[in-house]
Amino acid sequence: MPNTAQDTEHLIGKPLDRVDGRDKVTGHARYAADFPVKGVAHAYAFISTIASGRVTSIDAAEAMRQPGVLSVLTHENARKLYRVSMEHQPGRPGQTWLPLQGDEVRYAGQYLGVVIAETLAQAQHAAGLVKIKYDPQTPVIRLEDALENTFEPKKMGRGDPPKSKRGDPDAALARAQVKVDQTYTTPIENHNPMEMSATIAAWEDDRLTLYDATQWIYGVRAVVSTWLGIPSEKVRVIDPFVGGAFGCKGSIWPHEVIAALAAKLVGRPVKLMLSRQQMFTCVGYRPKTIQHVALAADRDGTLTAMAHDCTSQTSIWRDEFAEPATKQTRMLYRCPNVRTAQRLGPVNANTPTQMRAPGHATGTFALEVAMDELAYALDVNPIELRLRNYAERDEDENKPFSSKALRACYAQGAERFGWSKRNPKPMSMRDGGWLLGCGMATATYPTNRQESAAAVQVRADGRAIVRTASHDLGTGTYTTMTQIAAQTLGFPPGQVKVELGDSTLPEAAVAGGSQTSASVGSAVQAACEKALSALKERANADPKSPVFERTSKAIAVGNGRIFLKDDPAKGEPIATLIQRNGGRPIEGKSDLVPPGERPTGEGDDPYSKHAWGAQFAEVRVHPRLGEVRVSRFVGAFAAARILNVKTARSQVMGGIVWGIGMALHEETVYDPNRGKVVNDNLADYLVPVNADVPTIDCFFVEEPDEHVNPLGVKGVGELGVTGAAAAVANAVYHATGQRIRDLPITLDKLLLPR
Ligand code: MOS
């Protein structure tokens, strides 16, 4: 659709095309590694091949003799870095322990050094010639081997307590009429964005510029400056375009400071881009989880008890990243007796990190498969079971929901999918030679919000420039912020320019946790409202203005004009007003923390805020080969006001594709003895391709919400993956009668008798 919208009053919600689409498809969009920095040298990392022990020698003599090689950075010549804790704000380091600070090896694939050369090929070639000798020790590789050593984290996710309890779940489980009591496991997964992590570091005296692929400009600035022990004002971070991230660029990782060290060492700007292989160990990953879920119900399907325990892995140095898989279990269903707990098991791997819907992707798999098992144990329709236990308020936080149109998601999703046509008996439906199965599950993700600021300038040339140090990860931020600004200022979208991704812009929160629309969107709206007030004041005080001496209530804006609400012909272009008044731009700036408001999750927010959905999958399973094909998928979502129905649909659709991958394909395999990732490439690490993904029918139901935030939006970036893997797993059970509780559901698991 061409961006011809003349009606600037109803821009928010419109399926506006991406304003950055042309730049992206023509190659004009600049990603971190694309910046043409003068005199840049190239670094290539070499990484450990053992998972535990010490480096006894590094012989770089032959590497140094290669053409073009400038230097080799290892622990022997790297300067000391300062430790940054996992609680650091703003900016969260992905790991507290840093490589190149000693001879210790703590995981396979850890940095041992980088070769810096004139060209990438020269650096790569020389890195292969560095000879390393080790004194290896026996590593702990599998989470199963760390179960004796687990510990309770101080918190999980964004600061929630690691445990919860209401009522007396154990007593209720003991007297259960019907019970499900099972263990569910999810594997290690890697984010695999198209754009690998990359940093170009350039020093100018004591000032450092980083062109860096990140979800958090201000976080990089804060953490890298602290690691280096320099004031954060000395560091500038630039990243206008991000080629996918999904969480692996949401924390700050060692390459971002190693690039700075390398640039210092050679006295030139240095570019360090991770290889696809290095992306598996040099940034975080989704940790393996072992989840135990117990559900008890009365014969009529009323839940009487729920227990959910999750043990996930972390690094051997016990950094606290706890995949918060139990979180939705605390609030998703009405139930008087609930307990949940999280533990961590340390292994010789890097610290795990957030990955698209951290906790909710893995946790809804366990909970929503367990709910399906309960539905079968009770012989009740799985949707009916969920409706019988529908939570009208958040019983964990003891608060009302700001809005909850989940009933409409179940109803409209079921209708679109044709749920009522399914014969609930397992193995009862066939299509040709294939077994046919239908499964459903609930989707849910919290609505996060974090302090963000924005500034806007309305200029005499008739353009509005919006500035905020947020990011467009492919999510549509440029477009949705354009819509918010254009509608608020009454400007055609083509006259609004949004600038993102530079630490000289007003501070914005991490572009993670599905919070950019709510956080940055609210800031952009507030900044534009301030500019609008200033604009009206100026018009009110200008005798030449057609709205001279009229109250701000009587003045309206639209299509780039300022005019009288009651008599729209009485008006003029906003640009004319500014030109006549000396041409100085009119500015609006929102504060980092809007007065009288608190970001979600902090302080005494009176409402519990979550987005919702219902996922429906149809699969075909080959009865002899165990091959699973997802043949249809329907997702119905409720996320309050939708800023742009086109980009939002893209987000939830992408989430569902992730859910299909999680259900059937994705798994990072570690060699159980050596601890190396054996499938660290996109040929062996399977992600769903077009042939694996059917047409996805996803849509949003109406969900007005006056309480959630000033803009009235919830996030959609992570919602779509939640419940999606469970819907597929439940469909596989319906098709085959085989309950696979261990992801991914591969052929061998369906063929093996169990
Ligand atoms: Mo998302 S995993 O918070 O980038």
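Me: Which strands does helix α10 lie across, and how is it angled to β22?

Reply: This is a predicted model, by the way. In it, helix α10 (residues 477–489) lies across β20, β21 and β22, and runs at about 135° to β22. Helix α11 (residues 516–541) packs on the sheet too, touching β20, β21 and β26, with its direction at about 145° to that of β26.

Me: What is the strand order in that open sheet?

Reply: Four strands, ordered β22-β21-β20-β26, with mixed pairing. β22 (496–499) and β26 (586–589) each have a single partner strand, so they stand at the edges and one side of each has no neighbour in the sheet. From one strand to the next, the twist averages 15°.

Me: How do you know that β20 and β21 pair?

Reply: Count the bridges. Pairing takes at least two, and four bridges join β20 (residues 455–458) to β21 (residues 464–467), so they qualify as paired. The two strands run antiparallel, and V458 stands opposite A464 in β21.

Me: Why is the Y31 and F241 pair called tilted?

Reply: Their ring centres are 5.9 Å apart, and the limit for a pair is within 6.5 Å. The planes make 50°; under 30 degrees would be stacked and over 60 edge-to-face, so this one is tilted. Y31 sits in the loop between α1 and β1, F241 in the loop between β11 and α6, 210 residues apart.

Me: Which part of the chain does F241 get tied to by its pair with Y478?

Reply: Y478 is in helix α10, so the pair ties together parts that are 237 residues apart in sequence. This pair is tilted as well, at 5.3 Å centre to centre with 35° between the planes. Both F241 and Y478 are buried. Ring pairs link Y31, F241 and Y478 into a cluster, and the structure holds 14 aromatic pairs.

Me: How do you know that R407 lies over the face of Y390?

Reply: R407 is at 3.9 Å from the ring centre, and the distance limit is within 6 Å.

Notes:
Residues numbered from 1 in each chain as written. Predicted model: local features only at pLDDT ≥ 70, side-chain atom pairs only at ≥ 80, totals over all residues. Heavy atoms only, no water. Axes fitted to C-alpha atoms, helices over the stretch in contact; angles between N-to-C directions. Contact = heavy atoms within 4.5 Å. Phe/Tyr/Trp six-rings, centres within 6.5 Å; stacked < 30°, edge-to-face > 60°. Buried < 20%, exposed > 50% of the residue type's maximum accessible area, 1.4 Å probe, protein only. Lys NZ or Arg CZ within 6 Å of the ring centre and 35° of its normal.
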